[in-house]
Structures are given as C-alpha cells and as structure tokens.
Amino acid sequence: MTAPDGTGRYNHFENGSIYWTPNTGAHAVAGAIREKWADLGWEQSSLGYPITDELTISLHTAGVVRFNKFQSGAIRISPTGNVNVISEVWTRIPIQAFLLRDDNGSNAAEIDGSQVIKWIDYANKVFAPGKIRFTFNPDKDCETLDSTELNQRDLPWAKKDKANEIAAGYPGKIVVFFRAMAAGNGYSWGPEEGIKFVAMPGFTVTSVCGHQNLGQFAHDLGHYLGLPHTFPGKSDFSAVSEARDWLKSNGHFDGDGFGDTPEDPGRVITGQCGPTPATVMFEGRLYAPPRTNVMSYYSDLKADFDKSPLVQILSPQQFDRVYEVLKIRKLM
Ligand SMILES: [Zn+2]
C-alpha cells in the first residue's frame, strides 16, 4: 500500500507492520510498540517512519528494554511493560531561584547565581539521557527575597503554604528557595504531597565525603519530579538496628518500587564514601546497592565530582515516572 504522503509504502500483517521509504529502508514494527505508534498516527505522527527493526538493550539487573527508533524519536517498552515515547525534542524547564535573606537583609543563603548554575549544570548531565534540560539565566530567573519567615530550615513543612503561594506565581517554572542553613536538608517531594517548590540549603555549606555535594540539586529535583529514594523512607537509616527492624517488618529494602533499581539497604549498612565494595551481605542476603543512582545517598561518584567526568544516573523506570510527573506539573 502507498502511504498518504505518496512516498512511503507499507503492509499490515497479523503480527506487525512493515514500513518502507527510499530514505529509511524497510522496517518492521510490532506488538505494543506498533499499538502506540498507531495511536499517535503512524508515519504521520511526529515520530515519522521507523528507521530500525525492534532492538533490545539489556539492563544489568532488571531485564530487557525493547525499542524501535523512528525518524524523530523512539518508542520503548520497559522490562515491566511500560510503553514510552522518547521524543528527539528536548523538554526545557526553566528554574526560578529565590536567594533568601532575613527581613533586615542579613543571614543570606550561602549561594550566588554562578553557584546555582554549577548545580544546574550537573543536574543537566544527570537528566540528559531523558532529554530533559533545566534552564536558568541568573539575570532574569534569580531574585533575592528578604523573608525571615521563609529563610528557615522548616520552610518545606511549616511554611509550605506561603512557599506554594509564591511558587504559584511562576507557572511553567520550577521554583527553588535557597535558604541560609547548614548542610543537608534539601527537600522536595512528588505532586501528591502538595509541595510545589524545591527547598535547598546554600551551595558552599553542602559537602559529602569531603567534597562539595554537586549532586544535591539533581537529587532534590528528582524528588520534585516524583522520585523517592532508592532506600526506604524520606531519610536514610541512622542505625543498623533501624535497618534490621525495617527488614523484619517489610522483608525488603525496595525504597522506590522500581524494578530496575536494586534494593538499597542504605549507608549505615554499606558505608557511604568510596571506595566501597559493590555488594554487601546483610541478614543472610546479598545486596548490590545502586551506588551511582542519584536518588541514593551513596558517594562513590560524589567523592570525585570535581575531578571525574562520571555522572550519577537515573534508570529508565525513574525517567518514566519523571515524564508522568512533568505532565502532572504541566511542565511538559
Ligand atoms: Zn532525598
């Protein structure tokens, strides 16, 4: 059959379709990938014609990802059967930064526009495999805000309503409050928690294993975009006994429910700063925690942030969740 564009040719079979053009050659599309492509409008969709037959990538722990590439993207099936359209078009998400100070202009967050850029640059490396890019212009997207009320550690809890109100004034952007406080306590969570912003400490106060924590903003953007920790809970276990109790009552260390991130027993069991063993035995079971995952608390990469080109990662299922939340948050 001739396609409506007059150039392509195709044949539908019981278990798949073959599409041909002089530029792309003939390629078969089948199963759930074909269903999704049909939903989108076949070759008239933004994806265009297939440029490969079905291909596979084997993930180290979680099975196989199957996909067809098209002229302008790909359709992918995760090991658990999620079907996703991967566009060649990048999703750009502007960041709006508030650098907090107290009412009288004192007690400023320990960060400036160029340091916000360092954190965003790193986050962009982490999110690049998902074609997601955060944008930030320090002259236009960065404001100093004098508010003793908001410039507090408990901003994400006690001052949530006021922070949400400010964030609501910036639709289409991710609003980030940088506050004056000691290291740690970057905070955000998925849309179901009613948090419409990211709360961060300053740049210079954050360190991990003796190095600036360049991954912290990427981690908290991950939370904002719906990703839980790889270990169970909103913070890591603080004692081995806590981890043991958790395991007794839950039977696993799966913090995020994603099949392609391995169980994570947390730093208290495995140690945080590298070099550390890839696996650890705990209560008679062997764990291979996701040491390079940005939603973990491990520092194997963090220890080398300033020297190493290595970048923390997100798994395909984590990206699937991020795409869902980008739509819920009207950022995509
Ligand atoms: Zn976290």
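What follows is a chat about how to read some features of this predicted model.

Colleague: What should I know before I start?

Modeller: This is a predicted model, where local features need pLDDT of at least 70 and side-chain atom pairs count only at pLDDT 80 or more, while totals for chains, interfaces and linings use all residues. Residues are numbered from 1 along each chain as its sequence is written, and side-chain values use heavy atoms, with hydrogens and water left out.

Colleague: Let's take strands, then. Which strands does β2 pair with?

Modeller: Helices (H or I, at least four residues) and strands (E, at least two) are DSSP runs, numbered from the N terminus. Two strands pair if DSSP finds at least two bridges between them. Here β1 (residues 9-13) pairs with β2 (residues 16-21) in the antiparallel sense, over five bridges. Two residues link β1 to β2 in a hairpin, and Phe13 sits opposite Gly16 of β2. β2 also pairs with β3 (residues 25-29), again antiparallel and over five bridges. That makes another hairpin, with three residues between β2 and β3; Tyr19 has His27 of β3 as its bridge partner.

Colleague: And in what order do the strands of the four-stranded sheet come?

Modeller: In a regular strand the side chains alternate between the two faces of the sheet. This sheet is open, with antiparallel pairing and the order β4-β5-β6-β7. β4 (55-59) and β7 (83-87) are the edges; each has a single partner strand, so one side of each lacks a neighbour in the sheet. From one strand to the next, the twist averages 25°. Inside the sheet, five bridges connect β5 (residues 63-70) with β6 (residues 73-77), and Arg66 is partnered by Ile77 in β6.

Colleague: Which helices lie on that sheet?

Modeller: For directions, axes are lines fitted to C-alpha atoms, for helices over the stretch in contact, and angles run from 0 to 180 degrees between N-to-C directions. Contact means heavy atoms within 4.5 Å. Helix α1 (residues 31-40) lies across β5, β6 and β7, at about 135° to β6. Helix α8 (residues 316-328) packs on the sheet too, touching β4, β6 and β7, and its direction makes about 80° with that of β7.

Colleague: How do I describe two helices packed together?

Modeller: Two packed helices are described by the angle between their axes and the distance between the axes. Take α2 (residues 113-127) and α5 (residues 216-224): they pack at about 60°, with axes 7 Å apart. That makes α2 oblique to α5 (under 35 degrees counts as roughly parallel, over 145 as roughly antiparallel, 65 to 115 as roughly perpendicular and the rest as oblique). Residues making the contact include Trp119 and Phe127 of α2, and Phe217 and Leu221 of α5.

Colleague: In α4, which residues are buried?

Modeller: Buried means under 20% relative accessible area, exposed over 50%, and partly exposed in between (1.4 Å probe, protein chains only). In α4 (residues 160-167), the buried ones are Ala163, Asn164 and Ala167. They span an arc of only 100° around the axis, which puts them on the same side of α4; the arc is that of the directions from the helix axis to the C-beta atoms. Asp161 and Glu165 are exposed, on the face turned away from the buried side. Among the elements covering the buried residues are α3 (155-158) and β11 (174-178).

Colleague: Where is Gln272 found?

Modeller: In the loop between α7 (267-270) and β15 (280-282). Gln272 counts as partly exposed, at 21% relative accessibility. Not counting residues up to four places away in sequence, Gln272 touches residues including Val208, Cys209 and Tyr297.
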